[in-house]
Amino acid sequence: MAKIKFVTDSASDISVENEKELDILILPFKISVGDKSYLSRVDIDNEKFYELMENYDGIPTTSQITIFEYKETFEKLYKEGYTDVINTVINSKGSATYGNSVMAAEQFYEENTDAKGVMNIYNIDSRSYTGGYGYPVVEAAKKAQKGQSVEEIINYLNDWFEHLSIFFAPYTLKYAKKSGRIPSAAAFVGEVMGLRPIMKMRDWKITTETKVRGDKAIIPKIIECCTKEIIPKTPYCIIYGDDTAVRDEMIQAMTKKMGYPPTESFQIGNAIAANSGPKVVGVIFKSINASKE
């Protein structure tokens with residue numbers, strides 16, 4: 001009988017409740033604010049991190065999860081008798097973490113030849129950020145609890161990532177421009193004129209889909225963009241930062257437009273907020289356009 005373990009990283013922004021209830025292993029990113037370093041979700045929660053950002057003039061930085069950390073994790077899970085490890089990782093184009101997980105798996109099997117065919121490791125590049133992969137990991141864990149096979153779960157995850165899109169908007173480009181981790185946002189001009197970019201996350205890339213004038217136009221435009229692409233009657237999720245009023249406004253507006261509420265809301269943690277800024281809103285959904293890659 002299969003004994004499946006779901007592994008992901010802290011940038012997936014999975015809630016503590018789902019982490020515990022579904023026994024998901026979440027590896028923490030390291031975050032540095034000035035001369036102090038923290039382990040995401042371990043040493044610092046979202047509220048405390050937002051507070052630090054407000055009082056810090058620079059840009060927090062994150063560190064990748066290392067090969068050693070992954071190999072240590074795989075060795076531990078092997079000793080615990082898991083037959084299948086499904087590890088879903090932050091966008092490989094934005095972090096070396098996925099590549100590290102692949103190399104760690106290779107080293108693990110080289111050093112543990114008896115593990116081949118006994119414990120299978122599936123490293124999956126999410127192509128995305130935050131709830132874009134946090135949501136399907138949670139759903140995959142629920143499917144495992146209901147007895148679905150590893151093959152069915154892997155097929156579900158691959159299908160999700162082939163159709164995944166996110167439309168979102170940061171309310172300030174200060175962090176994106178300084179960190180350089182969101183290239184299209186860093187290159188955006190017109191902010192001083194009150195223009196706001198609507199960003200699209202799709203197939204590893206973040207691009208500027210369109211722009212609006214003023215904060216009040218952000219949510220209506222995101223909804224307009226989403227409803228052109230979303231597969232009808234499929235689940236969608238909301239992402240937000242430190243402003244729950246913006247989250248609630250998006251939930252209300254999307255529910256009215258779609259006729260049904262979001263499945264879940266994901267508050268961005270420090271690994272994402274360090275690059276997008278603390279105030280952001282967006283929608284995660286399954287697009288009618290499948291990936292060609």
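Tyr70 and Phe74 both lie in helix H3 (residues 67-79), four residues apart, or about one turn of the helix. Helices (H or I, at least four residues) and strands (E, at least two) are DSSP runs, numbered from the N terminus. The model is predicted: local features need pLDDT of at least 70, side-chain atom pairs count only at pLDDT 80 or more, and totals for chains, interfaces and linings use all residues. Residues are numbered from 1 along each chain as its sequence is written, and side-chain values use heavy atoms, with hydrogens and water left out.

**Aromatic pairs**

- A search of the whole structure finds seven aromatic pairs. Rings of Phe, Tyr and Trp (its six-membered ring) pair if their centres lie within 6.5 Å; planes under 30 degrees apart count as stacked, over 60 as edge-to-face and the rest as tilted.
- The ring centres of Tyr70 and Phe74 are 6.0 Å apart and the planes are at 25 degrees, so this pair is stacked.
- Tyr70 and Phe74 are both buried (buried means under 20% relative accessible area, exposed over 50%, partly exposed in between, with a 1.4 Å probe and protein chains only).
- Phe167 and Phe285 are also stacked, because their ring centres are 5.8 Å apart and their planes are at 15 degrees.
- This pair links distant parts of the chain: Phe167 is in strand E8 and Phe285 in strand E13 (residues 280-286), 118 residues apart.
- Phe167 has 0% relative accessibility and so counts as buried; Phe285, with a relative accessible area of 0%, is buried.
- Ring pairs join Tyr70, Phe74, Tyr78, Phe108 and Tyr109 into a cluster.

**Charges over rings**

- The charged end of Lys93 sits over the ring of Trp204, 4.8 Å from its centre. The test is that NZ of Lys or CZ of Arg is within 6 Å of the ring centre and within 35 degrees of the ring normal.
- Lys279 lies over the face of Tyr171, at 4.5 Å from the ring centre.

**The largest pocket**

- The largest pocket holds about 380 Å³ of space. On a 1 Å grid over the protein atoms alone, a pocket is an open set of points where a 1.4 Å probe fits, with protein on both sides within 12 Å along at least five of seven lines; lining residues have an atom within 4 Å of a point.
- Of the 25 lining residues, Ile90, Tyr129, Ala271, Ile272 and Asn275 are the closest to the centre of the largest pocket.
- Helix H11 (270-276), strand E5 (61-63) and strand E8 (164-170) are the elements that give two or more residues to this lining.
- H11 gives the most, with four residues.

Terms used:
Points joined across faces, edges and corners; volume = space filled by probe spheres on them.
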